[in-house]
Every structure is written in C-alpha cells, then in structure tokens.
Amino acid sequence: MTDRDRHPHDPAPSLRTLVREAVERAWVRAVESDALPAMPADQAPPEVEITRPDNPEHGDFASNLALKLARPLRRSPLAIAGAIADELRRDPAPDNPVGSVEVAPPGFLNLRVDPAAVLRAVDAALAAGPAFGRVPPMRVAASGPLHVPASGPRAAAMAATVPGPGTAAEPGAGAHAPVPATPPRPPHVNVEFVSANPTGPLHIGNARGAFVGDLLCRVLEAAGQRVTREYYFNDFGSQVRQLGASVLAIREGREIPEGGYRGAYVHDLAAELPEEILARALETGAEADAFVGRWASERVRQGIEASLAHLGVHFDVWTSEGSLYSDGWVDRAVERLQDGGWLYEQDGALWFRSTAFGDDKDRVVRRSNGEFTYFGSDIGYLLQKFDRGFDHLVYVWGADHHGTVARVRNAAQALGFDKAAVEMLLIAWVRFVRDGQEVSMSKRAGEFITLDELLEEIGVDAARWFIAARGHTSGIDFDIELAKKQSSENPVYYVQYAHARISSILRKAAEAGLAPAEAGLASAVRPAADGLASALGDDEIALGLAKLLLRLPEVVEDAAAQHETQGVTAYATELATAFHAFYRDRRVVDTADPATSRARLALVTATRITLANTLALLGISAPDSM
RNA sequence: GCGCCCGUAGCUCAGUGGAUAGAGCGUCAGGUUGCGGACCUGAAGGUCGUGGGUUCGAGUCCCGCCGGGCGCGCCA
C-alpha cells in the first residue's frame, strides 16, 4: 500500500505496518538491483515479520527476515541483512518511519523509528481522538494463518526469479503495483455467544462466555470488521416444558415434578404468572405445561437480556431455534445435503456422512421418531447465517462442546461453504470454589450464584478485566471470597487511576490557562507538529511515552488476529506505568515554560486518549476522577 | 481405551520458532514541603511437569511418559 491509497479518514495503519512495508520494499529493491538473489521458484518466500524486541538496545523494531532467507538464498544472514539495510536507508517513501538501521549478529535487522515520524503519529492520534487505534481490515484471512498473497512484494520477489517481459524488470513494479490491500468491503462476521437456554437466570458460569464473546466483537470492530452479535436460544422442547410444569405445579400448590426446576426464580415466575395466561394454558389441556413454559421462557429471556445489559453486553439478533423450522431453514438444508449425497437412512433415522470429512462417526440429523436433533437445527442455522451474507461465523462455546465442532464444520463444507469460514472458540471451564468446596451450578437443583449477585460483589470493570486478562483456553478456579478481596487490588484500577490522574492534570492546566477549559478533556490540545518536535523531540522520556502509546494499533491487530485480549490488558498496564513514570520525571503544568508545557500537555492528552480507547476496547469505563 | 485442552515465580496468569522467560498480587528494603501516594524505586523468587527429537536457534513445533480438566448418545 502506498500513500496515495490512503485517505485521511481511513483508520491509520500501525507504525509496525509502515515498517513492514518499508522492509518489504527494501527486499524487493535489493533483488531488483541484484544485490540479493531472488527466491528459488519452487519455494514460497517467507512472511516479513516485524517484532518489538524486548531489549531496547535492539531498537524499536526488529526483523528476522535475513535469518529466514539464509537457507533458500544460500547466503549468510549477515550479508542478506546488510543488503536489505542498504536499500532501507535509501527508501524514498514519505511515510517510511524508519530512522536508522543496524545489522546485528546473527543477522537481525534492528530498526529505529525517526523521532519526527513519532511526533507526526502522535499528532495524528490527537486528531483521530476516539478513532485512534482503529486499523484497516487485515490483508490476510482472519482464519487460517498467513496465506500467500497473490501479488505484492513477496510475489514480486518471486517473480524476479523468472523475469518475464515487463514484470520484475520494471523498476519498483512490486512496490508500486496497485495492490488492493483492503477488500472492497470489510468482512462481515457473525459472533454467536452466550446462547444459554432461557430456563433460568444467567449464572456466573455464563459470564465468561459473555465477556469473551463481547470482547472479541469489540476487537474485531476495531480491526475494521463488521460484526453482528447473536444469541441463539431454544424456545421449545423438553426443557421449556419442564420449566412450565414446574411453574404450574407451584402455582397450583403441587409438588415440583421429578426433573423440574427448583430455583427461587421459579417461585417468582409462578407468582407472576397472569391469570389470563394460566386460564388459557389450562384450556389446552395436555399442552398446559408447554404453554406456560413458552410464557416463562420468554419472561426469563427478558431477564437474561437485562442481566447482559448490566455487563455492557448487547445483542443485535436473537434467534430462536424454533424459527429455523417454521421458516423452513432446516428442511432446505436437509434437502441440499440430500442432493449432495451426504445423507442416508439407517434404522429409521437420517444420518449425515460426517466421516467423509474425517469425523469419528456419522451423526444423526433426524431421529427415528421423526424429530430433528440439535445437530439438525445447527445445519439449518448454518444455511440461515450464510444466507444472511456473513463471510465468517464464530461460535463461542463451552469447552464441553468440543465434540460437536467437527460435525458442524463438516456440515458447512457439505452445504458448499468454506469450512475455514466456520470457527469455534472453546471457552475453558470456570470452577467456582467457596471455602475450598466446589460450588455446583445446576439450574435444576437451584443452587447457583447468579450473574447479578456476582456484580454486586465485584464490579463489572473488575470482572471484565479478570476475564480479558486470561486466555480463553485455560481453566480458571474462581474463588468468590478471594475475588471479592482481590477486586480492590485489581490492576484495572491502576489503569483507571492513570486516566483519572491525567484528567486532573488537564483540569489544572485549564485553570492555569494552558489548555482550553472544556477541551482539556475531550478534544485535544494540538500544537503544530513542529512545536511538538522542538519541545519533545530531544526528550528521551517523552519520546518513550509517545512510542508506547503509538503501539495501540499493533495491539489491536494482534488481538484481532489471535482472538485474544490478554495483550490488551497487558498493554494497558504498561502504558499506565509509563505514564506514571513520565509524571514523576517531567512537570506537565508549568506556567514558567508555557511552550514546553503545551507540548507535554499534548503528549499527555494523547496518552489519555490512548488509555480511554484501550479501556473502551475492553468495555471498561475510563473515569475522570475516582 | 480414543480424542481435545491445560501444566511457566509463593498465588493468579502472560509469553505470533528468535537476542538476558515477563506482569499483577504477595514478601522484603526504600521514596513525597510542587501537577491526585489508588503513586514511584529496588530486591528476593524459575532445572518453563518430565524424557527424547526436529534446527543456526525450542517455554513455543513433533513423539513418549506423568498429573489435572473435558468429551466420546437417535441428550441439549
């Protein structure tokens, strides 16, 4: 991508992306100028990786490209690195942020960012405000790692091996070819999560899935994707009938039947059941349980929606399993599988040939009694979702559902969709412990801690952080007493404190006449970029803070690519720490030196924007005082 | 038995095949007559469960073993 492809209002690419593009250009030019041999035609060129080295002596960015090229090019890594470094130093692109290049044994390229580029980027962050950190959609598929792009610098480096007429011979052909780095429209992703059946209130076991799903959505949105948040629920069948039977029994003063639901909420429902509904239910005779069940489950569903709203989780679409049948999706899906020859009958049941796609066994779609299985619903739902135009489906499931992953993805393939477009995120279990004893979360037995109760004990912000800071694959032991005790020392408050502290500084600055009063907070203090440079450009401490806040777009890219948010919480902590250190070492509000003060206020304002945007990515509040 | 996930500092957890394995909490020792002390500086603390293998390089990839969780229905 070159400068002219970018528009001022597009999400800005990360510094790392600009650096990678510069290294790719340098590699291409090194091949074109015969400083480096081209890739052997039978080998795929390696991805250009740009990393942030741990050791600051290694610069702001580093690349192992020369190490990876050593074998295929049959040259020493140091020689390759030297050739790329030479071209990098000659790069004429105006948006090249690389200020200096070093080659370090065994062959690393260590890159330093030009301070002027840092200040330009901070200025852009100030201008972007709440949009800072948003990045363009990734040029590689979100699923599947690193497919080889059909064109671009790497292809050019390969094409140079077979110099056909008018391809690589043309100077800069690779770097300046009109490569569509972003698809014509952003990918539209459906994320289905929570999806607990409305037979009882959400308990704290559901909280992890709710947070993980919502966090993923926020991250994908920041990475330029369109996201639909979807909740799938069952509004018919035996569970709902059992709920109705339980409510009815209580209302009529009978014993709750075997296998019924017993929580306090069931008694509440019985008390709230309107006379009119009760009367109509009894008129239906044998269907009374189901009738009451439908009423009760809708009532419960509304309660779930309210609980989720307290978590800051809102769904765009609620889909009932029943609608997949009444709208004909299951029938159409079955027909399509029939046509493809993926179904067969045996023992009176209808089976899907999942083994044809590597599954352990074939799976029943319709039972011999004529009823469809849950899997049957899944198949109809797949067709419905793809028909709605989604490019990618994500299912956030409990880890106990891992056995059903293969069959659903296989069914997608059999229906003619790309299996890679169907992805399951398996959320590991949360074990709830109180006084060393595991607390069971059984709705039927009525012993569980509800989500609403949990939030009274520890706030939403602390709970969100707790989940976001952990990988979704690792099991968590959640000790309720410990969590209450630790909520007051949750790192989330450390980050929020930094934000509140900056807000306070900006208020002070406004009082001192150094910043526009109301702006102090919302809009930015923006001295001209050269003003920033003269006041901050030679200050390593200020520059260090600036470079750190400019990492947010990279954090967003990584989180979206990996579907993980631990990097976001770690980054938030790191940025807060860096700010506290800056605050210790540099006086921000200083009427004796207004020029420096204004430049530092701009930097601190940019830090505040970055902290706020990072917290927003996590769905956590950014208070101005606390 | 077969399959999937997990095992990293006292605790809770990070760590896209790269350079000296990190953070928070806890512990210990320090720090403020200036913009918020819910802060800052430093220290101690690790055979990355274990044994092999792959390679220039392995906490990371492959195989075996040990320990923990989950799954293996014409249940949902």
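This is a predicted model: local features need pLDDT of at least 70, side-chain atom pairs count only at pLDDT 80 or more; totals for chains, interfaces and linings use all residues.
Q: Which helices and strands each supply at least two residues of the surface near RNA strand B?
A: Residues are numbered from 1 along each chain as its sequence is written, chains are lettered from A and ligands numbered from 1 in the order in which they are written, and side-chain values use heavy atoms, with hydrogens and water left out. Helices (H or I, at least four residues) and strands (E, at least two) are DSSP runs, numbered from the N terminus, and a residue is near a strand or molecule if one of its heavy atoms lies within 4 Å of it. The elements are β1 (50–51), α2 (65–73), β4 (108–113), β9 (349–352), β15 (476–479), α19 (491–511) and α23 (566–585).

Q: Which element gives the largest share of the surface near RNA strand B?
A: In total, 57 residues surround RNA strand B, and the closest are T51, R71, R470, Y494 and R501. Sugar and phosphate make up 61% of the RNA strand B atoms that come within 4 Å of the protein. The largest share of the surface, eight residues, is from α19.

Q: Which residue has a backbone N or O atom 2.5 Å from a phosphate oxygen of RNA strand B?
A: Side chains also approach the RNA: an N or O atom of N55 is 3.0 Å from a base oxygen, and one of Q239 is 3.1 Å from a sugar or linking oxygen. The backbone atom at 2.5 Å from a phosphate oxygen belongs to G471.

Q: Which residue in β4 is the bridge partner of F61?
A: Four strands form an open antiparallel sheet in the order β1-β2-β4-β3, where two strands pair if DSSP finds at least two bridges between them. The edge strands, each pairing on one side only, are β1 and β3 (98–104). Three bridges join β2 (residues 61–63) to β4. The partner of F61 is L111.

Q: What is the relative accessible area of T614?
A: T614 lies in helix α24 (residues 594–617). Not counting residues up to four places away in sequence, T614 touches (heavy atoms within 4.5 Å) L552, V568, Y571 and A572. T614 counts as buried (under 20% relative accessible area, against over 50% for exposed and in between for partly exposed, with a 1.4 Å probe and protein chains only), because its relative accessible area is 1%.

Methods
A polar contact is a pair of N or O atoms within 3.5 Å; within protein, one must be able to donate a hydrogen and the other to accept it, and residues adjacent in sequence count only if both atoms are side-chain atoms.
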